[in-house]
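Thanks for coming. I will take a few minutes on one structure and go through it piece by piece.

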Amino acid sequence: MSECIQLSFAVCRIGIYTCFRALCCKGPPPPRPEYDLVCIGLTGSGKTSLLSQLCGESPENIVSTTGFSIKAVPFQNAILNVKELGGADNIRKYWSRYYQGSQGVIFVLDSASSEDDLETARNELHSALQHPQLCTLPFLILANHQDKPAARSVQEIKKYFELEHLHVENAGSLNPAPWMIWKQ
């Protein structure tokens, strides 16, 4: 009987040791890849709200960004380091100073904005699409405020922003950057 008890203890020790190694000794998890994005758009388009929502922060007391902010947006397989640039007229002229090192662009658009603001947003988007540091990067155009009655459809935005000629499959275009419109 003592052999049986000794064997049980040995098996138990091996089991505990194996479990301990599996749980405690395998080292830190491998680092998730990180990607640097720039988030641009006019004031009031919803850049700060978007990033706050992605980070799980409270939507209350959101204040427009007056300069720039950086947020790490964690996902299961990656971390997005997003530089949000303020969209006021006096700040937009400095956007290009923050483009270096970006690996993608989020352009947030108030799809229910006035005609004047829509024209300004179109000019800013085309300027970003032609910038040497951004022109080959993936672009996400977020058509925000889709819940408002004046919101433009994705088709209207494509037409107004003249995006058809920038389509990914059009390798002969001046700007081969891939883009996508997502409505929220």
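Let me start with the elements: helices are DSSP runs of H or I with at least four residues, strands are DSSP runs of E with at least two, and both are numbered from the N terminus. This is a predicted model, in which local features need pLDDT of at least 70 and side-chain atom pairs count only at pLDDT 80 or more, while totals for chains, interfaces and linings use all residues. Residues are numbered from 1 along each chain as its sequence is written, and side-chain values use heavy atoms, with hydrogens and water left out.

By that assignment the chain has 5 helices and 6 strands. Read from the N terminus, their order is α-β-α-β-β-α-β-α-β-α-β.

Next, confidence. pLDDT is the predictor's confidence in each residue, from 0 to 100. The chain has a mean pLDDT of 80, with 74% of its residues at 70 or more. Strand β1, residues 34-40, has the highest confidence, at a mean of 95, and helix α1, residues 2-24, the lowest, at 48. Over residues 1-15 pLDDT stays under 50, and the model gives this stretch 0 contacts beyond four places in sequence; a contact means heavy atoms within 4.5 Å. Residues 167-176 are also below 50, but this stretch has 9 contacts in the model beyond near neighbours in sequence. Where pLDDT is low, the predicted coordinates should not be read in detail.

Now the chain as a whole. Of its 184 residues, 36% count as buried, where buried means under 20% relative accessible area, exposed means over 50%, and partly exposed is in between, with a 1.4 Å probe and protein chains only. Among contacts with a separation of 6 or more, 72% are between residues 24 or more positions apart.

On to the strands. Two strands pair if DSSP finds at least two bridges between them. How many bridges join β2 to β3? There are 7, and strand β2, residues 68-74, runs antiparallel to β3. The two form a hairpin with 4 residues between them, and F68 has L85 in β3 as its bridge partner. β3 also pairs with β1, here in the parallel sense and over 6 bridges; C39 stands opposite E84 of β3. Strand β3, residues 79-85, has 6 of its 7 residues buried, so it is largely enclosed by the rest of the structure.

Helix α2 covers residues 47-54, and its buried residues are K47, T48, L50, L51 and S52.

S111 sits in the loop between β4, 104-110, and α4, 115-130. Is S111 buried or exposed? S111 is buried, because its relative accessible area is 0%. Beyond its neighbours within four places in sequence, S111 is in contact with A143, N144, H145, Q146, A150, A151, R152 and I157. Its side chain reaches the backbone oxygen of N144 at 2.5 Å.

Last, the aromatic rings. Rings of Phe, Tyr and Trp (its six-membered ring) pair if their centres lie within 6.5 Å; planes under 30 degrees apart count as stacked, over 60 as edge-to-face and the rest as tilted. The whole structure has 2 aromatic pairs. F68 and Y98 make a tilted one, at 4.8 Å centre to centre and 40° between the planes. This pair links distant parts of the chain, 30 residues apart: F68 is in strand β2, and Y98 is in the loop between α3, 89-92, and β4. F68 is partly exposed at 41% relative accessible area, and Y98 is partly exposed at 29%.

The other pair is Y160 with F161: the ring centres are 5.7 Å apart and the planes are at 65°, so the pair is edge-to-face. Y160 is partly exposed at 23% relative accessibility, whereas F161 is buried at 1%. R122, in helix α4, is in contact with Y160, F161 and E162, leaving aside neighbours within four places in sequence. R122 counts as buried, because its relative accessibility is 17%.

Key: Polar contact = N/O pair within 3.5 Å; in protein donor to acceptor, adjacent residues only side chain to side chain.
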